[in-house]
Amino acid sequence: MPSQNTELGAFYGETFELEKLNQEKEVWQKYTSMAVCDTLRVKFKSKVKEVCKVKGCWMVVELSEGKQAMVRFKDYGFFMPFDIVDKELVLNGLAFVEEMSVEDQKHYAIDAGKPADEIAKINTPKRTFSFEASGVLVPN
């Protein structure tokens, strides 16, 4: 459920100002230069590619050049609706790069409803582009 509905749309988590949005290509360039454990505060528009089918506790969004970022929500303080796949939204929070364990990759694959044979193929850690959202705006 949104934390606040405004004329701009529904805010989930903390509300935020829309000025100084980073462009998608700019965010992608920042991700490519980051090392594991680096963080960077950014605010950008993106399109939702996937949402956790269990309770909306994570989502995957587009980055430039066909890449994606895994989005989780600050302190699990809010969840996203299931019906926002392919919608454009605005994210506010921390971008970071992490080395995702095999166990975590399998957990997210199960949450996403992936087939067992696809899950069984996950056997190495993976460098992922991640984002901890303190707030998300789903425009009207």
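Lys74 is partly exposed, with a relative accessible area of 35%. In this predicted model, Lys74 forms a salt bridge with Glu14, and the closest N and O atoms are 4.0 Å apart. The two residues come from distant parts of the chain: Glu14 sits in the loop between strand E2 (9-13) and H1, while Lys74 sits in the loop between E5 and E6, 60 residues apart. Glu14 is also partly exposed, at a relative accessible area of 44%.

The whole structure holds five salt bridges. Another of them joins Glu50 and Lys114, with 3.8 Å from N to O. This pair, too, links distant parts of the chain, since Glu50 lies in strand E3 and Lys114 in the loop between helix H2 (102-111) and helix H3 (116-120), 64 residues apart. Glu50 has a relative accessible area of 18% and is therefore buried, the cut-off being under 20%. Lys114, at 32%, is partly exposed.

Which residues of helix H1 (residues 24-32) are buried? They are Val27, Trp28 and Tyr31. Seen down the axis of H1, the buried residues fall within an arc of 100°, so they line one face of the helix. The face turned away from that buried side carries the exposed residues Lys25 and Gln29.

Aromatic pairs number six in the model. In one of them, the ring centres of Phe11 and Phe16 are 5.3 Å apart and the planes stand at 90°, so the pair is edge-to-face. Phe11 is buried at 3% relative accessibility, and Phe16 is buried with a relative accessible area of 11%. The rings of Phe73 and Phe78 make a tilted pair, because their planes are at 45°; their centres are 4.8 Å apart. Phe73 and Phe78 are both buried.

Conventions
Residues numbered from 1 in each chain as written. Predicted model: local features only at pLDDT ≥ 70, side-chain atom pairs only at ≥ 80, totals over all residues. Heavy atoms only, no water. Phe/Tyr/Trp six-rings, centres within 6.5 Å; stacked < 30°, edge-to-face > 60°. Buried < 20%, exposed > 50% of the residue type's maximum accessible area, 1.4 Å probe, protein only. Helix = DSSP H or I, 4+ residues; strand = E, 2+ residues; numbered from the N terminus. Arc of directions from axis to C-beta. Salt bridge = Lys/Arg side-chain N within 4 Å of Asp/Glu carboxyl O.
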